Amino acid sequence: MVKVTLDNVQLLGKLDSTPLFTNSKTTPADVLTKGALEFVVLLHRTFNKTRLQLLDNRQKVQKKIDSGEYKLGYLPETKFIRDDPTWTGPPLSPGLIDRSTEITGPPVRNMLVNALNSDVKTYMTDFEDSASPTWENMIYGQVNLYDAIRDQIDFDTPKKSYKLNKRFIESPTVIVRPRGWHLVEAHVLVDGEPISASMFDFGIYFYHNARKLIELGKGPYFYLPKMEHHLEAKLWNDIFNVAQDYLGIQRGTIRATVLIETLPAAYQMEEIIYQLRTHSSGLNCGRWDYIFSTIKRLRNLPGHVLPNRDQVTMTSPFMNAYVERLINICHSRQVHAMGGMAAQIPIKDDAKKNEAAMLKVRKDKERELSKGHDGSWVAHPALAAICNDVFNNMGTANQIYWIPNYEVSASDLLNTNITGGIVTTDGIRVNLDIGLQYMEAWLRGSGCVPINYLMEDAATAEVSRCQLYQWVHHKVKLNDSGEIVTPDLTSKILKEQVEALIAKSKTPENNKYIELAAKYFEPEIRGEHFSEFLTTLLYDEIVTPLDKPVDLSTLKP
């Protein structure tokens, strides 16, 4: 075994030894053990240089796209992978054969209990887009998963008791999504730099739970977010191999589904599956992040301006092409092709509107089934029945046997022309409203927010931000007023939206977060600055390091 030391490692986050929940014996000190930290430090020291280089490569590609030097397309150097019909992904793993309905949400304890009690096949528990990465959220997320896997997650509050309806082994299969390559965990410093959040989330969870999950036939399984190049998938594969070797676990035990939620990755789907090989469990259509990435990467090109966000649907040319390519490739390589998110939540006070919303969910799931998806996502347990009802029509656990004859060209993935698409003043207001409300909630520690009966996460806020930048940058003419979208116009409407949110706020103490969100939002929506991610832009505001680092010699062995 590789010898690892914790020299030059500082723990800046609180290491509490008191359980946060009644009925729970597990504390942060139980997951941040010396052995677990040695493991994640090993991963960081071995692979962080590669991570940083891959992130730098993204910006080099962006500069070439902006200058016209590079047009997105299929990579000539990996043609041998695409042209070889003989390779496939591995046999399907236990608990990942039928994935017809997957629910998603952050690893908050009550939401985790509710998800595991839902009538779904799998549960993607999310440290990324639907979780604000405060130290407490990230560490107690690990505590909650540790307890769930060991059937000790039941807990009481003054208003309600939360209990699993059945044992973990009988519950939906858990798939963990760690944070993306672009994020760091600033509460842990290794050799003077923040540790990779991806390696930290993966490593703590894997170290404590891999053997238990194998014993139960339930993992360890992961969702991998926001990659833009097949070498980023190779980095994950290398980490998986080292992690399995470190714990004496057979290589290929880990399985990972990759979210295809960036435009560059859409051109490298086969390469991504190939790089993960024996660890691959398919690809997923991360629709909102994919729209965000498409705007982001093409933001400076005048021919790719998208209309109001409600008009950018899965039937838009570039979105339909992305879906068809993903399904064809996944089934050709014998892995799952997972559908996207139904973000609707029940409208309890209006039966007519609720019926219309649920019908929209059903139509979306029927489209996914007919296209060839093997399953789909819901954001709320109440939607599980609809998704189950639709995907029961497969008649089998999945549709991997069916390889549809979809032909998708490189240019099809760039066809952002949407017939009848318009940009309006209301479109600006909607984007500002969603962006501000999400950022306000994120800053106070909530990353999964119901807004207008939709469950919004970081991806939808990113779409709002990018669209406003794009409309200002290209001086788009509004279809309703004839005005040009200028920095002053977006600033004026931003001020109005801030005032409206503060006026109707029921918690005045949170108004400071609305104003802070507007402060960060304004340069972005004026077109003066473009951040790669809102989450990295805001992250320093939620970092709460201790005045004095924790002495690592006191950690449990």
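**Strands 7 and 8.** I looked up the pairing of strand 7 (residues 184-190) with strand 8 in this predicted model. Four bridges join the two strands, which run antiparallel. At Leu 189, I noted Pro 194 of strand 8 standing opposite.

I then traced the open sheet, which has three strands in the order 1-7-8 with antiparallel pairing. Strand 1 (9-11) and strand 8 (193-196) stand at the edges with a single partner strand each, so one side of each has no neighbour in the sheet. For the twist, I recorded an average of 55 degrees from one strand to the next.

**Helix 6.** Next I checked what lies across strand 7 and strand 8, and found helix 6 (residues 197-216). Helix 6 runs at about 50 degrees to strand 8.

I consulted the UniProt record, an unreviewed entry, which annotates residues 173-415 as "domain: Malate synthase TIM barrel". Over residues 173-415, I noted 44% helix and 17% strand, with the end C-alpha atoms 37 Å apart.

**Helices 14 and 17.** Lastly I examined how helix 14 (residues 425-443) packs with helix 17 (residues 511-525): the angle is about 130 degrees and the axes are 8 Å apart. The two helices are therefore oblique to each other. From helix 14, the residues in contact include Leu 432, Gly 435, Leu 436 and Met 439; from helix 17, they include Ile 514, Ala 517, Tyr 520 and Phe 521. By class, I recorded twelve nonpolar, two polar and one charged residues in this contact.

Definitions and conventions: Residues are numbered from 1 along each chain as its sequence is written. This is a predicted model: local features need pLDDT of at least 70, side-chain atom pairs count only at pLDDT 80 or more; totals for chains, interfaces and linings use all residues. Side-chain values use heavy atoms; hydrogens and water are left out. Axes are lines fitted to C-alpha atoms, for helices over the stretch in contact, and angles run from 0 to 180 degrees between N-to-C directions. Angles under 35 degrees count as roughly parallel, over 145 as roughly antiparallel, 65 to 115 as roughly perpendicular and the rest as oblique. Contact means heavy atoms within 4.5 Å. Ala, Val, Leu, Ile, Met, Phe, Trp, Tyr, Cys and Pro count as nonpolar, Asp, Glu, Lys and Arg as charged, and the others, Gly among them, as polar. UniProt positions are given in the numbering used here, feature names are shortened, and annotations may be inferred rather than shown by experiment. Two strands pair if DSSP finds at least two bridges between them.
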